[in-house]
Amino acid sequence: MSTLESTQEAIRLIQASGRISAFSGAGISTEAGIPDFRSPSGMWQDPDLVEQLSLSAFRDSPEQFYRASIGLFRTIARAEPTPAHRLLARLEEAGKLDAVVTQNIDGLHQKAGSRKVFEVHGTYRTGHCPQCGGAFDMDPFYRAIESGRLKVPLCSRCRVPVKPDIVLFEELLPEDAWKGAVGAMEQCDLLLVLGSSLVVYPAAELPSIALASGARMVLVNLDPTVYDRSAVVVRDRLGNFAEAALAALR
Ligand code: OAD
C-alpha cells in the first residue's frame with residue numbers, strides 16, 4: 001500500500017469506528033520539539049542522561065539527577081501540542097474516542113484538550129516526597145533550578161529531595177494508570193498507535209490486548225515495529241497524517 005492509500009484506509013477506519021483508543025509514544029511529540037529516545041537524534045544518544053534516569057541514580061545524587069534532566073523538563077514545559085495531539089482531543093470531543101494511553105511524561109495530550117489520559121510512565125508535572133508522600137507541583141521547582149536559584153527541590157515538611165512522578169528505570173508502573181490502560185485496550189474496536197517503537201515492556205504489551213479483544217489497529221510510525229503485520233501501517237510523519245485526518249473529519 002502507498003502512504004496515500006494507507007492514510008485513506010486509516011481515516012476510513014477512524015470514520016467507521018465509535019470506540020477508539022489511542023496509544024502514544026515519544027514520536028507524537030517530536031514535532032513539538034521534544035526528542036524521542038531511539039531515533040538518531042533521540043535522548044538515548046546521551047549516555048549521561050540514560051545513566052541519570054534511574055531510581056538508584058536519583059537516590060545517590062538528586063542534584064546530579066536534576067542537573068542532567070532540567071533541560072528536558074524545561075523544553076517540555078515550553079512545548080505546544082502537535083496536530084496529532086489535537087486529532088485525539090477532537091475525536092474524544094466528537095464522542096468517538098474513549099481514552100488515550102500514553103508512554104509520554106510531557107502532558108501534551110491534556111494541553112491539547114484530551115480529558116481521559118492514562119500516563120503509564122507517569123508525568124513530569126507533579127512530584128512526591130519519598131518520605132511523607134506529600135504531593136508537589138514541580139513547575140516552580142524546575143523554574144528555580146533553571147535560573148540557578150535551586151539545586152534540589154526539598155519537601156517543605158521533611159526536607160528530603162522530592163522525586164518527579166516519572167517512572168525511572170528500576171521502578172514499577174503506576175497501578176491505576178496501568179489498570180485504566182488495560183481497560184482502554186479491552187474496550188476499543190479500533191486502536192490508534194502513534195509514534196512508538198513498541199520495544200519497551202510492559203507498555204508494549206498493551207496493543208496485543210486490544211488485538212486479542214478483536215480490535216483493528218492503525219499504526220503511524222516512521223520506523224518499522226513488531227506489530228506492523230497486525231495493523232494498517234502509515235509510514236509517514238504524524239503531522240502529515242493528523243492534518244489529513246483532521247481535514248477529513250471536519
Ligand atoms: P522511541 O524513541 O523508542 O520510539 C519513537 C518512535 O517514534 C520511533 O520508532 C520513530 O520512528 C517514531 N517517530 C519519531 N518522530 C515521528 C514523527 N514525527 N512521526 C511519526 N513517527 C515518529 O519512543 P517510545 O516508543 O515512546 O520509558 O519509547 C518507549 C519508552 O522508552 C519511553 O516511554 C521511555 C523509554 O525508555 C521510560 O522512560 C520509562
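Reply: Cys155 is buried, because its relative accessibility is 1%, and buried means under 20% of relative accessible area, exposed over 50% and partly exposed in between, with a 1.4 Å probe and protein chains only. The model is predicted, so local features need pLDDT of at least 70 and side-chain atom pairs 80 or more, while totals for chains, interfaces and linings use all residues. Residues are numbered from 1 along each chain as its sequence is written, and side-chain values use heavy atoms, without hydrogens and water.

A search of the whole structure for disulfides, pairs of cysteine sulfur atoms within 2.5 Å, finds 0. Cys132 takes part in none, its nearest cysteine sulfur being that of Cys158 at 3.7 Å, and Cys132 counts as partly exposed, with 32% relative accessibility. Cys155 is likewise in no disulfide, and the nearest cysteine sulfur, that of Cys129, lies 3.6 Å away.

Turning to the ligand, there are 23 residues around it, and those that come nearest are Glu31, Arg38, Ser196, Ser197 and Asp223; a residue belongs here if one of its heavy atoms lies within 4 Å. This shell divides into 10 polar, 7 nonpolar and 6 charged residues, where charged means Asp, Glu, Lys and Arg, nonpolar means Ala, Val, Leu, Ile, Met, Phe, Trp, Tyr, Cys and Pro, and polar means the others, Gly among them.

One lies 2.7 Å from a side-chain N or O atom of Arg38, one lies 2.8 Å from a polar backbone atom of Ala26, and one lies 2.9 Å from a side-chain N or O atom of Asn221. Taken alone, the ligand exposes 800 Å², of which the protein buries 93%, as computed by the Shrake-Rupley method with a 1.4 Å probe.

Note on methods:
A polar contact is a pair of N or O atoms within 3.5 Å; within protein, one must be able to donate a hydrogen and the other to accept it, and residues adjacent in sequence count only if both atoms are side-chain atoms.
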